[in-house]
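Dear colleague,

Please find below the structure that I am handing over to you. My notes on what was found in it follow directly after.

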Amino acid sequence: MAPQLLKDLATHSRKWIIQCRVSRRWIATNCNTGKVLHLDMVLIDSEGSDIWAMVPPLLIPKFESSLIEQEVYEIRHFKVAMTKNTFRPVPNRLMIEFDAATLVQHIKTVSSILNYKFYFLNHAAMMKRLYDKKNLSDAIGQLIDHSSLTSSTSATKRWKEITIKLIEGEMVKVTLWGNIGKQLEDIISRNERTAVILTITSVFVDEFKGEICLSSTGATQLKANLDIPEVLEFKAKDTNLTAPVLVAEVPAAEIPKISLAQLNEFKSNEAQSGKLFSVEGKVTQVRPNWCYMGCVACPRKVEEDLEEYFCGHCKTTSSIAKAKYRVKFQLEDNTGEADFAILEHEGLRFFGVMADELFQLNQRNKEPLPLQIHQIVNMTLKLTVKLTEFNIMNPQTEISIVSIDHDPLQQLNKDPCSKDLAGATSVGQEMESALDCEADDEK
């Protein structure tokens, strides 16, 4: 039987034979426990199509030594399944799952299959991928600078901050979590005093202080100065590429921890405007209006006029609007109580789902408050908050949260999302398979 192409695969059979190159390979682990989840690969066939392949943990010893990056294999008798609903390394609607009956044979004579296939984003495309949990993204850029490898104060997680310059000229910050930061140090040592055009695979597009940034996942790999057209284009466009520099660490300012009674007192003191504080307490209640209808292009609330929505900030009218988080709740400690609001960015991190997605699901379920929102009642939260001039002028208003001290992975793993929302398995299980390390705490 002749080998089939990846485009011909379907879920109705497992009698497939394919010939593919292992373009890249990684071990997916649970960053909280270190437990190995599975062995993952991106396979490419002779037509340049690619697919995500997964080996379950019990079969890793059988296949790990038989599947080497950049080598070509004939693979038989595997399961074809619909791909995961979150954090896909490639945009194929199908994926391959190995089992005990799968057979692998190394092929030495095939050289026509691509070594790599990437889905590079320019800056505008990154903006559209912001908070996208469905697809992971690839990036390429000149490595401009990097920080030292830093250890988290609350766990064994480590990170490294880098800056890359995209081919269009924009600078983008990238956070490399865990062992991937050590891999970068190895790359820099091998390319001493040499410019590095860095290919970064399978990153999550995030935002920090209003700027687009990227965050590594368990599927992320780093490749330096690959022999691909994009690297050649970089070198042709800029003949003055320079080696990356080590950026001196700037100690983070310590955020004072205060009681809720002190926070309420500070709301009448103009000198406290713009300052950050850390508070901790138990959530006693959540207000029913947990979201608002916002502009599709910015965080602002829209005005509804018949079937159109007007954004006063963008000065645009649209036929659609999206639900945005504004979860108002009351926190209590042994000194008093105060009102806070979780807005869109931190809402996504904390609840693990876009507000509009949760809104649509809740419309179908017709619950007064989504379970994901209601579950924070009686939860003890440690918050970083910032008193604004608006809070000083309006002491009764809710204080916006800068960050919630939590592990995003753990929050997702505890997410009681229904299968309607996750698509198949829970968001947490799918997140585990894609994300290796994200910081336990907001930096």
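L276 is located in strand β16. In this predicted model, L276 counts as partly exposed, because its relative accessibility is 34%. Together with I255 and V402, L276 makes a nonpolar surface patch of about 200 Å².

The most is contributed by strand β18, which spans residues 303–305 and supplies three residues. E307 sits in the loop between β18 and β19, the latter covering 308–311. With a relative accessibility of 69%, E307 is classed as exposed, since the cut-off for that class is over 50%.

I turn next to the charged pairs. Side chains of opposite charge can pair when their charged atoms come close. Searching the whole structure gives twelve salt bridges; three of them are described here.

The side chains of E185 and K160 form a salt bridge with an N to O distance of 3.4 Å. Because E185 belongs to helix α3 (residues 179–190) and K160 to strand β10 (residues 158–165), this pair ties together parts that are 25 residues apart in sequence. As for accessibility, E185 is partly exposed at 29%, whereas K160 is buried at 1%.

R287 lies in the loop between β16 (276–286) and β17 (291–294), while D339 lies in strand β22 (residues 336–343), so the pair ties together parts that are 52 residues apart in sequence. The relative accessible area of R287 is 24%, so R287 is partly exposed.

Is S215 buried or exposed? At 8% relative accessibility, S215 counts as buried, because the cut-off for that class is under 20%. S215 is part of strand β13, which runs over residues 211–215. What joins the side chains of S215 and W177? They are joined by a polar contact of 2.7 Å.

The other residue is Q142, in strand β8 (residues 137–146). Q142 has a relative accessible area of 2% and is therefore buried. Its side chain reaches the backbone oxygen of T242 at a distance of 3.2 Å.

- E185 and K160: salt bridge, 3.4 Å, N to O
- S215 and W177: polar contact of 2.7 Å between side chains
- Q142 and T242: side chain to backbone oxygen, 3.2 Å

With kind regards

Conventions: Residues are numbered from 1 along each chain as its sequence is written. This is a predicted model: local features need pLDDT of at least 70, side-chain atom pairs count only at pLDDT 80 or more; totals for chains, interfaces and linings use all residues. Side-chain values use heavy atoms; hydrogens and water are left out. Helices (H or I, at least four residues) and strands (E, at least two) are DSSP runs, numbered from the N terminus. Buried means under 20% relative accessible area, exposed over 50%, partly exposed in between (1.4 Å probe, protein chains only). A salt bridge is a side-chain nitrogen of Lys or Arg within 4 Å of a carboxyl oxygen of Asp or Glu. A polar contact is a pair of N or O atoms within 3.5 Å; within protein, one must be able to donate a hydrogen and the other to accept it, and residues adjacent in sequence count only if both atoms are side-chain atoms. Patches are made of residues with over 30% relative accessible area and no salt bridge: like charges are joined within 9 Å, nonpolar side chains (Val, Leu, Ile, Met, Phe, Trp, Tyr) within 5 Å. Accessible areas come from the Shrake-Rupley method with a 1.4 Å probe; for residues, only the protein chains shown count as cover.
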